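Reader: I would like to go through this structure with you. Could you take my questions one at a time?

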Amino acid sequence: MSGRRRTLVVAGNGMVGHRLLETLVERGATAEWDIVTFCEEPRVAYDRVALSSLFAGASPEDLELVRPGFFEQVGLSVHVGDAVTTLDRERGCVVSQRGVRVDYDAVVLATGSVPFVPPVPGRDARGCFVYRTVDDLEAIRDFATATGCRVGAVVGGGLLGLEAANALKSLGLETHVVEFAPRLMPAQIDDRGSAALRSRVEELGVVVHTGTATSEIVRGSDGRVKGMRFTAASPQGAAPEDLSVDLVVFSAGIRPRDDLARSAGLAMGERGGVVVDEACRTSDPAVYAIGECALAVGRLWGLVAPGYQMAAVVADRILGGDRSFTGSDLSTKLKLMGVDVASFGDAFGTTPGAEAITFDDPVTKVYKRVVVGPAPAAADGRTSGRTSGRTSGTTSVRPVLGGILVGDATMYDTLVQMSRGAMPTPERLELLIFPARTTGEGAGAGLGVGALAGNALICSCNTVTKEQICAAVADGCTDVAGVKACTRAGTGCGGCIPLVSGLVRHELLAAGVEVRNDLCEHFAFSRQELFDIVRAQRIGSFSELLSAHGRGRGCEICKPAVASMLATLGDAYILDGEQASLQDTNDHFLANLQRDGTYSVVPRVPGGEITPDQLIAIGHVAKDFGLYTKITGGQRIDLFGARVDQLPHIWQRLVDAGMESGHAYGKALRTVKSCVGRNWCRFGVQDSTALAIDLELRYRGLRSPHKVKAAVSGCSRECAEAQSKDFGVIATEQGWNLYVCGNGGLKPQHGVLLASDIDRETVIRYLDRFLMFYIRTADRLERTATWLNKLDGGLDYLRRVVVDDCLGLCAEFEVDMARHVAGYRCEWKATIEDPERMARFRTFVNSDRTDDNVVFVTERGQPRPAYAHEKPDPALLALGGTP
């Protein structure tokens, strides 16, 4: 080995460039190489994938990827705020923007990409931005705040475009998305998937213009953006009207940043990009290129995972290895504006003989498409109805080639593994994309991490397989954190964490290692075990439980969980004594905290039935306190904008009108919706409103592991949507059908039928048992749908417990529920009747002053919180805040 130290120059310190440095250091390259990095931005590498989190409260420091002291290691140096501008291959040196010259033995170009800005007139007007770096996002925020922007538009409806739209929305701007293609995210999802995504995005208040080309950015006399003009993207389309905007963000794709390589005379692709071979070498053997600037395997790669794989290849080659880059999996799962979107494999079905299985629900706006290939030929040359799949030793009908998931990506990990041939494909593949079921045919039999092949790729970002994770567990890693440190799995985008967690648990169980489900570090018990301890030993306080069965002082996990148990098993006021310090933010003030520091108040409206006098009382309260009013999905009225000190006074007025707490703030029963039933509806067969009221008054205030929602429908037309609730009752000619464990929201799941044609008394008896069984056995923050999905034996077992009393516990369940019903007290009423309890409702503990930061503007005739750039409405100051 030569004694001369060699020099490696890395041009670029983005995510991929830094991953190269980390890999080289881990493999000991600094023993022989001096590694010099040039970082053009004023900060070292940060997580560009999480860039939008800057608009959700994160700071630039939160995104940093460089651990403290990294560049202080021997053999490493970095030039921050300085880019390589000249690559002199003849002299073997680089020169930076600041004139720094470094002679090299090898160079790695990790210059990334630049945003594409369409060549439209006016694109350089003040108020036009791109969405690529921390500086870009800070400039957008500063401009919007300083100039009082009201309307913003994003040019580009792809992945980054929708992230940019979400950022503008978070700044309080009316937001428009302008996309040239006929659909959103045209590179990842098809027309129907895009329609589902568009519906969800528009529900959030974002205006979408597809099939639209921006023809001009109109600027005012001050040089600022004033508006946009458009043309139709196709001759058949109609151009939208001109749009008045204050701010424009261009997010219409990226282009490889290859100017340095081009000026150095390296081979380039026709449409840009530095041409590299399987070693990621350019046309000059001393120069490598990785990430978004590289044209590898005949294409450009715009995701971080392929870039990480290229970095691993170059590190290996520099150290004398022979690793190659032959392509990368472009499967991706994202959450855009709160919506799950995933695309994998041959999503558009371009493979000859491919067909698609689709599920499209326009109501829940969930779309799923799984592309399957032709059935493999049998040994006799015929296409077999049941033939060997791509995983050795397994059988399947037709192999999974790819797919698209919008609104519900629960099965993403499983389907991706099937598309890679790492997991057998079931015969009834369609059952994997239909709404979740817990029992019956296709309910997951044969699936799970145990069915994965050993070479299944678990972490695409870091190319970590199942075998590597299993080996790490065998070597002593007993949790996800240990596996991440050992293998790097889950340290990229983080999307594989659920799969990694499942593998760790599976391997530990297979090895006979006890896998605990402790509530937190302070209690060596699960939530179910702690509940049983509190109940059996009649423990009345957190301190008593901690002293006898825990350690330390408790945390934000165990305190609210135990508070919920104590509230379920007792009838004490939840804010008395020690209990007050255990509560979550909302329970702490018996109201829901909003983004501006005010609270919302939701009185109970049992079954959705309310009197005119109560409506008038709510209206007077809203007007007198300057509150925003909105009808909720649970048939109630929500009053927004109340200060802490106003809450008891609002409650007093509502209680005087015959109303009580709706427990919208607690993990408890929320509402029991209903239709009008047979009393009014010509289709109704039972009195659904009366039953809904009785059920809501029976279970009001019942604390549980998570919120509980319910509904009662008066006929099979199902106007109350009972099958999407934690429990739902639907009238029949003979009585009532009882459904349980449904769920709306992010991951919808239909309820399952527990019992049919039962009478009213049986409905209540079964519900008493069901709810107490759920409360005793579910994990913290676990909805009934998830609880049932994890319950051994599924619906059949639940039915045997609740209906057949196979555990002999139903009498206890009924006694517990009867105690709850008898001990119920309205928490609002209990507060306003006690001056000491009233005293806690103040903004500052040492002053009676109100919060000067609570200010509002008027919108559509109602108050809403003012954004930083808006001038408060003087008429609202006396009601919702102070000047």
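Author: One term is needed at the outset: a residue is called buried if its relative accessible area is under 20%, and exposed if that area is over 50%. Please also bear in mind that the model is predicted.

Reader: Then take Ser600: buried or exposed, and why?

Author: Ser600 is buried, because its relative accessibility is 3%, and the cut-off for that word is under 20%. Ser600 belongs to strand S32, which covers residues 599-601.

Reader: Which residues does Ser600 contact, beyond its neighbours within four places in sequence?

Author: Those contacts are Ala591, Asn592, Gln594, Asp638, Leu639 and Phe640. With Gln594 there is also a polar contact between the side chains, at 3.2 Å.

Reader: And how far apart are Ser600 and Val644 in space?

Author: Their C-alpha atoms are 9.9 Å apart, while 44 residues separate Ser600 from Val644 in sequence.

Reader: Let us turn to the chain as a whole. How many helices and strands are there?

Author: The protein chain has 25 helices and 41 strands. Its C-alpha atoms fill a box of roughly 90 × 75 × 65 Å along the principal axes.

Reader: Now the charged residues. Where is Lys368, and is it buried or exposed?

Author: Lys368 is in strand S25, residues 366-372. Lys368 counts as buried because its relative accessible area is 6%.

Reader: What joins the side chains of Lys368 and Asp408?

Author: The side chains of Lys368 and Asp408 are joined by a polar contact of 3.0 Å. Setting aside residues up to four places away in sequence, Lys368 touches Asp408 together with Ile357, Thr358, Phe359, Ile404, Leu405, Ile433 and Phe434.

Reader: Which rings have the charged end of an arginine over them?

Author: The charged end of Arg299 sits over the ring of Trp301, at 4.6 Å from the ring centre. Arg837 places its charged end over the ring of Tyr573, at 4.0 Å from the centre.

Reader: How many aromatic pairs are there?

Author: The count is 16 aromatic pairs. In one of them, the ring centres of Phe70 and Phe71 are 5.1 Å apart; the planes meet at 85 degrees, so this pair is edge-to-face. Phe70 is buried at 1% relative accessible area, and Phe71 is buried at 16%.

Reader: What about Trp651 and Phe841?

Author: That pair is edge-to-face as well, because the planes of Trp651 and Phe841 stand at 85 degrees, with the ring centres 5.2 Å apart. Trp651 lies in helix H17 (residues 647-656) and Phe841 in the loop between helix H24 (835-838) and strand S40 (856-859), so the pair ties together parts 190 residues apart in sequence. Both Trp651 and Phe841 are buried.

Reader: Which residues do ring pairs link into a cluster?

Author: Ring pairs link Phe770, Phe773, Tyr774, Trp787, Tyr797 and Phe813 into a cluster.

Reader: Another topic, then: how many disulfides are there?

Author: The count is zero disulfides. Cys128, for instance, takes part in none, and the nearest cysteine sulfur, that of Cys149, is 11 Å away. That distance can be set against the cut-off for a disulfide, which is within 2.5 Å. Cys128 is buried, with 17% relative accessibility. Cys459 is also buried, at 2%.

Reader: Where do Arg538 and Glu718 lie, and are they buried or exposed?

Author: Arg538 is in the loop between helix H11 (527-536) and helix H12 (542-549), and at 76% relative accessibility Arg538 counts as exposed. Glu718 is in the loop between strand S36 (708-713) and strand S37 (727-731), and with a relative accessible area of 14% Glu718 is buried.

Notes:
Residues numbered from 1 in each chain as written. Predicted model: local features only at pLDDT ≥ 70, side-chain atom pairs only at ≥ 80, totals over all residues. Heavy atoms only, no water. Buried < 20%, exposed > 50% of the residue type's maximum accessible area, 1.4 Å probe, protein only. Phe/Tyr/Trp six-rings, centres within 6.5 Å; stacked < 30°, edge-to-face > 60°. Helix = DSSP H or I, 4+ residues; strand = E, 2+ residues; numbered from the N terminus. Lys NZ or Arg CZ within 6 Å of the ring centre and 35° of its normal. Polar contact = N/O pair within 3.5 Å; in protein donor to acceptor, adjacent residues only side chain to side chain. Contact = heavy atoms within 4.5 Å.
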